[in-house]
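Subject: Structure handover

Hello,

Here is the structure you will be taking over. My notes on what was found in it follow below.

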Amino acid sequence: MLVALLAAVSFPGLRLAGPTDSDLVDRFTHGDRRAFDEIVRRYQDRVYTLCRRWLDDAQGAEETAQDVFIALYRSLPGFRGESQLSTWVFKVTLNHCKNHRLYRNRRGYRRHETIDGPPAPGEQDLPGRQIADEVASSDSRVHRNEAESLITAALAQLDEEHRQILLLRDVEDLPYEEIGEILDLPRGTVKSRIHRARAELAAILARKIGREDI
Amino acid sequence: MSMDTFFARNRLSAYLDGDLPTGEAREVEAAIQRDPELRAEFEQLRGAIEFLRSNGPMLAPDGFANRLHIRLAVEPPPSRLRVALRRVRYDYIGIAAVAAMALIVVGTQQQTANEPAPDTAPTVAAAQAPSPVPDLPAADGNAQANGVLGDEGGFAAGAAPKSAPSRKPTASASRQMADNGVDREAFQPDWERDGEAKEGALSDGSQTQSVQVGTLYSPAPWRYRVHAVGANPLKELITVAATLGGRIVDAKGRPLADYPMDEGDSAAVRVFVPSYNVEELQRRLMLMGTVDTIATDPGVLYQNGTEVPVSIEVHK
């Protein structure tokens, strides 16, 4: 333990944390299914976030996120490691989100309203846990729900290009280079598109809640 | 020389990301201090980014991993060794297929050369052609051996062969004959009478939606283009078709033999599934990668359970 601590202090680059993504992929392709569990643990929140923010539908987002992991499970043995695993995961996730959205549109999703009228943005299809949570709402939870509604509504007003690049940069916290790889865009385009997307988001939020409240 | 407001405004986002060189960053800072309007814009941008960063990320719902495990339980365990062995096996299959094709071509050419001339009199135009075999008129011997018509095809307008052909003409030969006034029906094989031959016809995506149920070469009412991410999309498709109680054929209507696709490869296949499984097929395709829908209009009504054709263009 002491040796490990000293090594970490002496050699900051030395890796003492868990296995890298490529270690996990390697183990998985050699038949270790537990390695895939670890990959799921690492990426489930980020994949779910991307799906949820893209689709604005909790149930559809979970279904899509699971589809993403199933697709990864099937295709990981063919992963050649030419890019980072995260790049691949997010690329697959975006593809699935777009497909799910198209599929949903074709099926006339939300074409029929409930007897109570259309749900407010950010309130659709809440899973059981969230509904139960809301029963015992506190001030902070109210604020969080307001912020949630605001983000959902603001993202919904962005066009697809701007929404996806903002999610990758400011929600998933990916560097420009990786975003460029995921979207097949040169770095300069990524940079300028992020700038335009952020400016648009800022304008939308400002209109919604007033500049001083952001 | 200091940076003007316009350039500073275009660099606000990169400045907030810490992506500017030190000199430029200092100039942006100075511009923000100097220009109140720019400062307000900067604060608004920073506020929006912080708001999104602090409220954007979410947690996967409780039980997400458990539900995923249930779905994964039916998946076969992954194995790099199996993938490698499969690749080696496919390599040999490829070599064997090429060898078999070469043998067939050589055999066909020899058979053509040895065929005796028919007893029936050839047409005037056909007699003018240098071909020794009148049933497939050709401008030259090579074209004839390959079943391809040359210019004018050797048939004069209005002339028709007096005897039935000894072997079937190709689709292009039939079309050429029709153009030259030949009784097309006499030469038209059954599979063409129901619709035009459509090998590789998916690529333009501009065909009509008229459909003949069970006709192999008529345009399929459901057509998709899949940009697959998996290692072996054709294998996946075969499994999907089997799972949905269907079957899968290649562009020529032969049962599909899968092979590993390289990046940039594409293949046109057709899946026949019971009508109630078409939507499930579409959902399974989405699991394979990005799906572009070319057509989803059935064109005709299918009885529940009828086998319907779905054309799929697979890109790797």
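Two residues are taken to be in contact if their C-beta atoms, placed from the backbone, lie within 7 Å. By that criterion, and leaving out residues up to four places away in sequence, B:Val271 touches B:Leu237, B:Ala241, B:Gly246, B:Ile248, B:Leu281, B:Val310 and B:Ile312. Please keep in mind that this is a predicted model.

Core

B:Val271 also belongs to the largest nonpolar core, which has 86 residues. Together with A:Cys51 and B:Leu237, B:Val271 touches the most other members of that core. The helix α3(A) gives the most to this core, with eleven residues. As background, nonpolar side chains tend to be buried together in soluble globular proteins.

Helix packing in chain A

Helix α3 of chain A (residues 33-55) packs against two other helices, as follows.

Against helix α5 of chain A (residues 85-106), the angle is about 30° and the axes are 10 Å apart. Angles under 35 degrees count as roughly parallel, so α3(A) and α5(A) are roughly parallel to each other. The crossing of this pair is right-handed. On the α3(A) side the contact is made by A:Tyr43, A:Val47, A:Leu50, A:Cys51, A:Trp54 and A:Leu55, and on the α5(A) side by A:Val89, A:Phe90, A:Thr93, A:Cys97, A:His100 and A:Arg101. Nine of the residues in this contact are nonpolar, two are polar and one is charged.

Against helix α4 of chain A (residues 58-75), the angle is about 140° and the axes are 8 Å apart. That angle makes α3(A) oblique to α4(A). This crossing, too, is right-handed. From α3(A), the residues involved are A:Phe36, A:Val40, A:Val47, A:Tyr48, A:Cys51, A:Arg52 and A:Leu55. They meet residues of α4(A) including A:Ala58, A:Ala61, A:Val68, A:Phe69 and A:Tyr73. The contact has twelve nonpolar, two polar and two charged residues.

Contact between the chains

How many residues does each chain put into the contact? Chain B supplies 39 and chain A supplies 50. On the chain B side, the elements that each supply at least two residues are α2 (12-16), α4 (36-55), α5 (64-72), α6 (80-114), α13 (278-288) and β4 (289-295). Of these, α4(B) gives the most, with nine residues. By class, the side of chain B that touches chain A has 23 nonpolar, ten polar and six charged residues.

Regards

Methods: Residues are numbered from 1 along each chain as its sequence is written. Chains are lettered from A and ligands numbered from 1 in the order in which they are written. This is a predicted model: local features need pLDDT of at least 70, side-chain atom pairs count only at pLDDT 80 or more; totals for chains, interfaces and linings use all residues. Axes are lines fitted to C-alpha atoms, for helices over the stretch in contact, and angles run from 0 to 180 degrees between N-to-C directions. Helices (H or I, at least four residues) and strands (E, at least two) are DSSP runs, numbered from the N terminus. Angles under 35 degrees count as roughly parallel, over 145 as roughly antiparallel, 65 to 115 as roughly perpendicular and the rest as oblique. A crossing is left-handed if the near helix is turned anticlockwise from the far one by less than a right angle, and right-handed if clockwise. Ala, Val, Leu, Ile, Met, Phe, Trp, Tyr, Cys and Pro count as nonpolar, Asp, Glu, Lys and Arg as charged, and the others, Gly among them, as polar. A nonpolar core is a set of buried Ala, Val, Leu, Ile, Met, Phe, Trp, Tyr and Cys residues joined through C-beta atoms within 7 Å. A residue is buried if 20 or more other C-beta atoms lie within 10 Å of its own, exposed if 12 or fewer, and partly exposed in between; C-beta atoms are placed from the backbone.
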